[in-house]
Structure formats: structure tokens, C-alpha cells
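Please have the model open beside you as you go.

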Number of protein chains: 2
Amino acid sequence: MAKKPEIPKGTRDFSPEEVARRQYIISVMRGNFEKYGYQPIETPSFENSDTLLGKYGEEGDRLIFKILNSGNFFYDKTKLELPSDIDFLLGNPADRLSKENLIDLNRFTAKISEKALRYDLTVPFARYVVQHQNDIQFPFKRYQIQPVWRADRPQKGRFREFYQCDADVVGSDSLWQEVELVQLYDAVFSDLGLENTKIKINNRKILSGIADVIGAGDKLIDFTVALDKLDKIGIDGVKKEMTEKGIPESAIEKLSPLFSLSGDFGQQLEQLGQLLSESADGKKGIEELQFINTNIRMLGLSTSTLELDVTLARGLNYYTGAIFEVVADKVAMGSIGGGGRYDDLTGIFGLKNMSGVGISFGLDRIYIVLEELGLFPESVQNAPLALFLNYGNAEAEFSMQSVTKLRNRGFRVEMYPDAAKPAKQFTYAEKRGIPYVVSVGEQELIDGNLSVKLLATGEKFTVEADDIESFFAGFHTL
Amino acid sequence: MAKKPEIPKGTRDFSPEEVARRQYIISVMRGNFEKYGYQPIETPSFENSDTLLGKYGEEGDRLIFKILNSGNFFYDKTKLELPSDIDFLLGNPADRLSKENLIDLNRFTAKISEKALRYDLTVPFARYVVQHQNDIQFPFKRYQIQPVWRADRPQKGRFREFYQCDADVVGSDSLWQEVELVQLYDAVFSDLGLENTKIKINNRKILSGIADVIGAGDKLIDFTVALDKLDKIGIDGVKKEMTEKGIPESAIEKLSPLFSLSGDFGQQLEQLGQLLSESADGKKGIEELQFINTNIRMLGLSTSTLELDVTLARGLNYYTGAIFEVVADKVAMGSIGGGGRYDDLTGIFGLKNMSGVGISFGLDRIYIVLEELGLFPESVQNAPLALFLNYGNAEAEFSMQSVTKLRNRGFRVEMYPDAAKPAKQFTYAEKRGIPYVVSVGEQELIDGNLSVKLLATGEKFTVEADDIESFFAGFHTL
């Protein structure tokens, strides 16, 4: 096989450096999830197709990876009224497609595929809650860090396999959950050294309220989709798009105060309150945001800020209360987190009245932001502390005794496995970023010593083999 | 939807307790892998079909999960000479199968599926090494802990999705690697508290040597398959099976010493040496085992033992040197680990002369063994330290200040989100295994105190809110 092997488009191999950095982010998330009382679950990579299909809209269904049933497919020739073979199916169809003669074989798919790869973690979570409802203590705070798959067209920063990192609570409509989720975002990003992170918040009821007030309740989606673009197309662009969608001038005029909210979170809420004073939904939304804001101010955040963003509409289709989105400071990058409340999380699987609220962390984007800002701690790379060189069997036997002792003490050390040329062994140590090189030659073997060299400075030490643990313990705390 | 949702057969949901325990095992493995200088990589869940197919034999190919191409399938009606629709494909084929009329639609599969789920971690590792050979420092010691998928018939202890945990070195044929892998097995199982684990070792060259000596070189596979059953069917059973496979009586008689090897590892090797003195292969195998055994005796093992097992033949098709298998003491269970050396790991992808040696840990079986022996540390469950009860908003606000302070100090604490009936909140604490319950009532609110109750004993403490951190710090080290 002369061709170099490749991986499917939209997928990635992760090198040791990348895995270490991803694990670092995940461990910070996991540590905080657990500190906040969230418990881990894991669900299978594939679900029965009927668990997933129809849950993400038509576009979503199309993007779900389907798995072929295993076993053999056999069909009856006579009943098929096929020619003696099915070679026509095996040829290249592209050169004989003509529109009126097409048969849609998608109907066939349901017969040959009954399982599909997980598209997100929310639907499997809802399925889990319903299936295991008798074993769960509600409110159930769960976190889940697993890959998901989407047959999206791959492009920069968009992959067909990627991790989702979700924390959700189901079974309580207390707004304290929203307060805690803001704190949780702050805790994770602060621990990662990502300061001044903006946690933007809105409420579905505010959006409904605005739509009510301007008389565009029937055009809520069009209205919010346009509003959501404020950042990109400006006030005039938003107004233009609303006009195109058939929202009357007079209604659009009523929106003006939205674009000039000023002051702190509380003051902005007050101004919004005047605009929405006629809408029950709107007033409820403001009350909820007030509760969250007041308590966050009281409890304080480490390094993040909580900001009101009335244009925030992500996932409007299912969110019913709070809507969150997080953006990093100093790096131009989409959101690095998002979430919200959905009042009927498990209804799709027959368990009614289970309100849920959750947030998600965007692992890939957080990775890029930390990399750009140089925020990965050096210790994450975790190269071994020392490489013992290999000058032959007698030396190797002597070295391995020290290597074994050091490992038993918790040190990460290695011996080069072959008695290769010293230059090759040194290169290996350098390329792997191993700071110390230890060698045992004939003389050391006689004296029972080890020669230790710190590569960065060239400094050399002669250490008795019996003292090697305390030598390294002195340089490096475990 | 009235029907309770289900997951595909052969897959599993993992509860918080199970995830915590699995993570505990994985963290012990990961810690030791890194201590021994192994570096983590991750590969995509699915590979191009041609990367996987043909690598695991015909049976393996059948067990690989194939993924349907995304997008739509359209074919030309006229060319298909089909009736106006393809309903016949959509009906239930079972009731109209007759042998002579079957068409094998498997040939169709290659057209509609170009990707497949990973079947093991070894082939993706070989693919990774070849694809990234210019970025890798050889010898490359990598570990990989990821799920794999097999369309096997599910049964007790056999799943369609399960984790593999592999450590392999590629690019060195040094026997020090085998020595280290024995140490690594010992380190992991000792850290898990699994004492007296038997690490069984054999060598492919020993098996070839025996076959040579008894003149059954052309029946090596039949011969080793029979020998491998010694545990189950006894000496007579083995001899009977060999006879059935056409191995002559006289040859089988020569085997007798194999069944009565006695003494320690070194002594057994000596006896085996006499039997194999005529076989170059056999002598090489004995030399290799001697090197490994001598050095392991010199370096010592913590709690495991290394034992010679000349009947060990697992994976004979690809192993070329050492063969490992690990069994737990005190629990009747198949192997909890296995591995070996394969001289041409990356040859299938065009990179020749890359010897590899590796071991695998059986996560699911290790889990069962630890559970049966009660070896999971209690701390693994990791329930929150305290639940703050919720008696209403003013009390909750007061509580959340302590909750926030405690979390910032690293404590795992929670507040019940709703002002539910106290009994319900207490039940929640008990069911989740939370040891302390903290309550703030009207009087506490006035005094600035917290009432702390240790559920196990009923003991109660009144603690000033400002002192709550030191109160818990005194009880629990972080």
C-alpha cells in the first residue's frame, strides 16, 4: 500500500501534546462540575434511530450519522424482478442520473439502519432521565463530557466529531440553578486563567415580551433572528431585515429604546421594564433576570462579568427561560459556551413537567483561545523528568534499578530502550522536551554513580545511585 | 410516546457511581502510563473503511460497524428496470426468502458506506504512526484509552461498545520494553489494590520451536489451539484433539515434558531448553524469556508474579515474540489484560520494519473484579460534603454565601434549589450519600449562624457563618 493512510474528512487525530492540553481543560471543568454537585453520566455512542430522529428538525435529521445494520442483507430475486445481478447498483450512478427517473433510496435507509451516532448530549440525557427515572434523585444535576457526531460540511473550526461538555439540572425550576450556572461558568474560566470572560444573559420571555409590545407576536422567530444579527449588521441592518420580514415601521420604531439601553445591568433592566410594562411575559422575564443579577452581585464573581444582552436568541426553538452565551475577552472567536432553560426537557420521551436548565462548554474553541493567549500551564505538557541513556546491557541493568526506584516514588522517567548512538539518544531527549539526561558508563558502573546533565544549561552532576531519589526530589516537587 | 425509551442491545448507560469508578480505574492507568513515559494519543471514532477492512480476518470484517454515507441516494429508475417503486425492498424480506433466489446485497454496502467505527485501537495506532511518522520521535511509546465497537452478539460481559486501554511501543525491538510492560502491569494492578495478580508470559518462538521439534511445524495453528485448551480439557483432552487434527502419536508423546514443567520460572525454562535444544526458534524464544525473567527478578515486582505459561497462544496470528496474559487472583474471570510483540505493526500501511510491543487492560473485567473484592476506595464515590437546606429566599441567600465561600475553598457543597418540604430535602441528602446537612432558619438568620447536622450520628453543631470554612476544614482534608 503505497498511499499514505488518511482519516475521514472532518475528523482529527490528537497528538500527545493536544491530548494533554484537552485533558487539562476537561479536568478543570470536571473538577468544578463536581464542586458544584454535578454528577457524571455516560451514554452509548449510538442510540436507536427513533430516539434521535425528529428531535433536531429536518436539517438535524439529515446531519445524523446512521449506522448500517450488521449481518447480511439478502433479498429474493424473483420478487425483486431484477436482472440476474444488481451490478447496475454498483456502477457509478452519477453518469446516468436524470431528474424524472430518480428513485429516492432514502426510504430504503430505514430498513438497513436502525442505529445512529449521538448528535448532541441533550437528547440522550433526556432519554437517560426518562429510562432511569426510578433510580434518580431529583433534582438531578448531571454533567457529561463525550464526543458527538454531525455530518456537517467540514470547515475551519467545524468538525464531524467533537466533544460536548454539558452541565444540566433537571427537575427544578428554581432560579438558583441559573445563579449557580453563572457561578460555574465563572469558576471554570477563572481557573483556566481566562479573565474578563463575558457571560451574556437574556430570557426568552423578554423576547416574547418585546414581540408582544410591538405587535409582532406572530413573527417572533423572524423578529429574533433579525435582532440576533445586531452585532453583525448594525441597527439599520436589523431594521431593514425586520421590514423585509413584514414587521410594520411603527412597530420597529417602538424598538428604539432597545438599542440604547445604558448603565449597569440593573439600570438596563429598569429601562427595559418601562418598554415591557404592558406585557405579562416581558415582566416575568425581567423579574427572573433581576433575581439572577441581584444574587450574582451579592455573591460576586471571580473574574467574569454578567451582562444583559437582549439580542441573544440562540436556540430560541426550545429555550423557555434564561438564555446564556459566553464570549472570551481579547480573542475574536464565536461563543465559547452557551445554554438556557427548557421547561419540557423530557416531554419528548413521555415524562412531562420536568424543567431543565443547562450550559455547555465549547472545548475546541476554549482550546484555541487558551493557545492564542498562551494560557496553557507549562506543566500540562508533562514530559518525563529524565531520560536514562543506554550504553549496553550491564549499564542498562544498573540504570533500570534507579529508573524503577524513581517510578515507585512517582517520578516520570524513562530509559532509552536500545544501545543506540549517544547522539540519537540525546536528540530523542531534546525533541521530547525531557530536561535531564542520566548516563551510566563503565566508570560510573564501577563507582556506583550516575552522571546527570541538565540539558538546558549543560550543568553536570555526579550522583550516587542510592541518592538519585533525593537528588530529583530536591529539584522537583511531586 | 408511552413506550419507555431504550438503548441498543449491547450498549450501556453509566450511572454517576459507575462513571466515578471507571474514571478511578482509568486515572490509575493513566498515571502509571505517564510514569513509564507513555504519551496519550486519540484517533477518530470512525476511520475510512479501507483502513479497517481486511485487517481482522473475515469474521472481523463482519463485526465492524459501518456508517451510511450522508446525503441522499438516488438511482435511475429506467436503468434499474425496477417497478415504479421500490416497495419490495421495504417489505419484510424474512417471509419470502428462498435459498436459490437470494441476492447478496452486501456488494451494495461498499457503495453506501465508506466509513466504519473503530474495531480496536491497534490498527488506528498503526495508521497514526504511518500517517504522522515525520512528527514522531521513535521509539514512540503511546497509550490510548478510547471506546471501540463490535457487532458481536451481546452476552454477559460482552458489549458492542467498550473501552480499550492500550500501551504500545513502536520502533524498538529491545526486550527492555517487555520488562517494562511487566512492571507496568504490576504497577497498575498494585495501585488498584489487586494483589497476587498473575502475569503469564510465553513466546511465539517457543510455540514454533515445540512444533518444529515434534515435527508439526505445518500444523502450528491446530497444535497451539489444542494446547491453549489445557486448562479446560486437561492433558488427555489436548492429546485427543491433537490426534484428531492429524498430529501423529509419536509427536504427541514428545510433548509430555511440557505438561510436567516444575520449579520456578528459571528451572522451567531449563527443562524447556532441553526439549527445544534442536530448534533455533525455540532457543531464541528461551533466551528472550530468560532476559525478561532475570531482569524482572532483579528489579522486583510490587505484588504481582510473573509466570511461564507455554500453553499461552492468544493472538498467535500476529504476535511474533512475547505473549502476555494477566489473570486476577481469587476471582474466577477470564484474562484482565493481554498483549504481545508483533514485528511488523505498520507494514499493513506501507511502513516496514517497525517492531511493536504492547499490552491492553480490560476495563470492564477489572471493574467487575474490583467490585467483587470490594476494592474501590470509598472516596471514589465523591458525594458532596454538605447539603444546605432551602427554607425560602432570605435563608437561601444567606446560605448561598457560605456555599460560595466553601466552593471557592475547594469543598463540594450544594444547596437544595427549591424551598421544598424538609423531609424531601433530607431524603435527597441521604439518598445521595451526603454526610452533612446545613440549615438556616429564622433564628439562624437573625444570629448569623448555621446549624450543621452529621446525618450518620445525628450530632448537631451551631457554627457562625464566618467560621464554616474552618469548621469543615477541621473535619475534612481537601
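**Helix crossing and aromatic rings**

1. In chain B, α9 spans residues 204–213 and α10 residues 220–227; their axes come within 10 Å and cross at roughly 110°. That makes α9(B) roughly perpendicular to α10(B) (65 to 115 degrees).

2. A word on the basis: this is a predicted model, where local features need pLDDT of at least 70 and side-chain atom pairs count only at pLDDT 80 or more, while totals for chains, interfaces and linings use all residues. Residues are numbered from 1 along each chain as its sequence is written, chains are lettered from A in the order in which they are written, and side-chain values use heavy atoms, without hydrogens and water.

3. Which residues meet? From α9(B), B:R204, B:L207, B:S208, B:I210 and B:A211 meet B:L220, B:F223, B:T224 and B:L227 of α10(B) (heavy atoms within 4.5 Å). This contact divides into 6 nonpolar, 2 polar and 1 charged residues.

4. Over all chains, a search finds 40 aromatic pairs (ring centres within 6.5 Å). In A:Y185 and A:F189 the centres are 5.9 Å apart and the planes at 15°, so this pair is stacked (planes under 30 degrees apart).

5. A:Y185 and A:F189 lie 4 residues apart in α8 of chain A (residues 176–191), about one helical turn. A:Y185 is buried at 0% relative accessibility (under 20%, with a 1.4 Å probe and protein chains only), and A:F189 is also buried at 0%.

6. Ring pairs link A:Y185 and A:F189 with A:F33, A:Y143 and A:F361 into a cluster.

Technical notes. Axes fitted to C-alpha atoms, helices over the stretch in contact; angles between N-to-C directions. Helix = DSSP H or I, 4+ residues; strand = E, 2+ residues; numbered from the N terminus. Parallel < 35°, antiparallel > 145°, perpendicular 65-115°, else oblique. Nonpolar A, V, L, I, M, F, W, Y, C, P; charged D, E, K, R; others polar. Phe/Tyr/Trp six-rings, centres within 6.5 Å; stacked < 30°, edge-to-face > 60°. Buried < 20%, exposed > 50% of the residue type's maximum accessible area, 1.4 Å probe, protein only.
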